[in-house]
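Work through these exercises with the sequence and the 3D view side by side. Try each task before you read its solution.

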There are 2 protein chains.
Amino acid sequence: MPPNRRRRDRDEKLHEIVAAAADLFTELGFEQSSMTRIARAAGVTPNTIYWYVEDKDALLVAALDHLLADALRQLDQAPEAANLVDQVLWTLGHLQRRSNLIGVVHARSEQAEVVANWHEGFHALMDSFVMEGLARQGVPDRELQARARLTTYAVEGMLAHPTDPATARSVLELVLSPGG
Amino acid sequence: MPPNRRRRDRDEKLHEIVAAAADLFTELGFEQSSMTRIARAAGVTPNTIYWYVEDKDALLVAALDHLLADALRQLDQAPEAANLVDQVLWTLGHLQRRSNLIGVVHARSEQAEVVANWHEGFHALMDSFVMEGLARQGVPDRELQARARLTTYAVEGMLAHPTDPATARSVLELVLSPGG
DNA sequence: ACCTGAACACCGTTCAAGT
DNA sequence: ACCTGAACACCGTTCAAGT
């Protein structure tokens, strides 16, 4: 058996485990998704998972990357995301259907460095995305960072606390409009 | 033994357990503070705690109330909290030294209704506090709610992600100043 | 190299038994 | 009414043993 074939097999199995984990984390939450349950969903034994990932937090990070890649693909094709407010609203709506995960990322970031690192990277991505949009709208440079931060905090806040679409829009317009 | 005496004894012991839990939750976090460890700190057996509280989440809520009462007493006496920005900054600083707990409240709110209820009540308190301050500063009524929300989100965001005092101030001034 | 059965140390919680 | 020792069902993780 050539190493190429081996590599492919390994990647496929890892993918199955990560996909199963991503599904369960999204639907049941991190705590409810025991390694035993994830293993069952992926068709392996619990301890087999440890051959592919270091521990449950590393599995969480892999699942998050899996879901993020999927989300970026979708945002790219979303026709209704014309201006910045709508783009952020789309992202908010997307994340709202996965709000379980936000809490988990925050909770595990305090316990596991792998998750904290992922979290930091995610925010860097969000920040640069929003700052770019704000700059395009003519927001002065010295306000860019504070406004981008505030946008992230607003998004996270609205994820942590159920917010109706109208309130969400008014909050975002307050932060993202040049004169707001 | 008259019921009054009994009542006092019970309250004292409950207080010891709750105080021990509040300490450990603050210093080690919720997960690290096992019932066994809390019991040891309070000088009882793990299962004794269940005579006083329903479960670990109810104990968390009792600990949060304990800590909140303490914080309100301190804020009342803080001389440096003159205007609204400074008051919120004081609160932020106070909570920053207890940032463990914020994540726990969010995480457990998804799992336990007692915690979710406490969380909701806490935000109602914060909201009314900020809205009152904003109204005093002349912020128009129709902006009050969105701005109060945004303030809460900003505070929570800065708790979840380490923020230096200067950035914190500029973010808060952006939200809390009438012209911002 | 990959996978498993069995075990380990822990967790929150319960319950029969004591006082 | 209050407290305990012992147990229960679970958890994430490890490890010797198999292929």
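**Exercise 1.** How are α5(B) and α9(B) oriented to each other?

*Solution.* The model is predicted. Two packed helices are described by the angle between their axes and the distance between the axes.

Step 1. Find helix α5 of chain B at residues 84-96 and helix α9 of chain B at residues 165-176. Their axes come within 10 Å and cross at roughly 135°.

Step 2. Pick the class. Over 145 degrees would be roughly antiparallel, and 65 to 115 roughly perpendicular. The pair α5(B) and α9(B) is therefore oblique.

Step 3. The crossing of α5(B) past α9(B) is right-handed.

Step 4. List who touches. From α5(B) come B:Leu84, B:Val85, B:Asp86, B:Val88, B:Leu89 and B:Leu92. From α9(B) come B:Ala168, B:Arg169, B:Leu172, B:Glu173 and B:Leu176.

Step 5. Sort the residues by class. The contact of α5(B) with α9(B) holds eight nonpolar and three charged residues, and no polar ones.

**Exercise 2.** At what angle do helix α4 and helix α5 of chain A pack?

*Solution.* Step 1. Take helix α4 (residues 56-77) and helix α5 (residues 84-96) of chain A. The angle is about 140°, and the axes lie 11 Å apart.

Step 1. That angle makes α4(A) oblique to α5(A). The crossing of α4(A) past α5(A) is right-handed.

Step 2. On the α4(A) side, the contact uses A:Ala71, A:Gln74 and A:Leu75. On the α5(A) side, it uses A:Trp90, A:Thr91 and A:His94.

Step 3. Sort again. The contact of α4(A) with α5(A) has three nonpolar and three polar residues, with no charged ones.

**Exercise 3.** How many aromatic pairs are there over all chains?

*Solution.* Step 1. Searching the whole structure gives four.

Step 1. Look at one of them, A:Phe25 with A:Phe30. The centres are 5.2 Å apart, with 40° between the planes, and the pair is tilted. Both A:Phe25 and A:Phe30 are buried.

Step 2. Now take A:Trp118 and A:Phe122. A:Trp118 and A:Phe122 are both buried.

**Exercise 4.** Is B:Phe25 buried or exposed?

*Solution.* Step 1. Locate B:Phe25 in helix α1 (residues 3-28) of chain B.

Step 1. Check its relative accessible area, which is 1%. Buried means under 20%. B:Phe25 is therefore buried.

Step 2. Name some neighbours. Leaving out residues up to four places away in sequence, B:Phe25 touches several residues, including B:Phe30, B:Ile38, B:Leu59 and B:Leu101.

Step 3. Compare sequence and space. B:Phe25 and B:Arg142 are 117 residues apart in sequence and 39 Å apart in space, C-alpha to C-alpha.

**Exercise 5.** Why is α6(B) largely enclosed by the rest of the structure?

*Solution.* Step 1. Count the buried residues. Nine of the eleven residues of α6(B) are buried, so the rest of the structure largely encloses this helix. Among them are B:Leu101, B:Gly103, B:Val105 and B:Ser109.

Step 1. B:His106 sits in helix α6 (residues 99-109) of chain B. Its relative accessibility is 15%, so B:His106 counts as buried.

Step 2. See what it meets. Beyond residues up to four places away in sequence, B:His106 touches A:Ala160, A:His161, B:His119 and B:Glu156.

Key: Residues are numbered from 1 along each chain as its sequence is written. Chains are lettered from A and ligands numbered from 1 in the order in which they are written. This is a predicted model: local features need pLDDT of at least 70, side-chain atom pairs count only at pLDDT 80 or more; totals for chains, interfaces and linings use all residues. Side-chain values use heavy atoms; hydrogens and water are left out. Axes are lines fitted to C-alpha atoms, for helices over the stretch in contact, and angles run from 0 to 180 degrees between N-to-C directions. Helices (H or I, at least four residues) and strands (E, at least two) are DSSP runs, numbered from the N terminus. Angles under 35 degrees count as roughly parallel, over 145 as roughly antiparallel, 65 to 115 as roughly perpendicular and the rest as oblique. A crossing is left-handed if the near helix is turned anticlockwise from the far one by less than a right angle, and right-handed if clockwise. Contact means heavy atoms within 4.5 Å. Ala, Val, Leu, Ile, Met, Phe, Trp, Tyr, Cys and Pro count as nonpolar, Asp, Glu, Lys and Arg as charged, and the others, Gly among them, as polar. Rings of Phe, Tyr and Trp (its six-membered ring) pair if their centres lie within 6.5 Å; planes under 30 degrees apart count as stacked, over 60 as edge-to-face and the rest as tilted. Buried means under 20% relative accessible area, exposed over 50%, partly exposed in between (1.4 Å probe, protein chains only).
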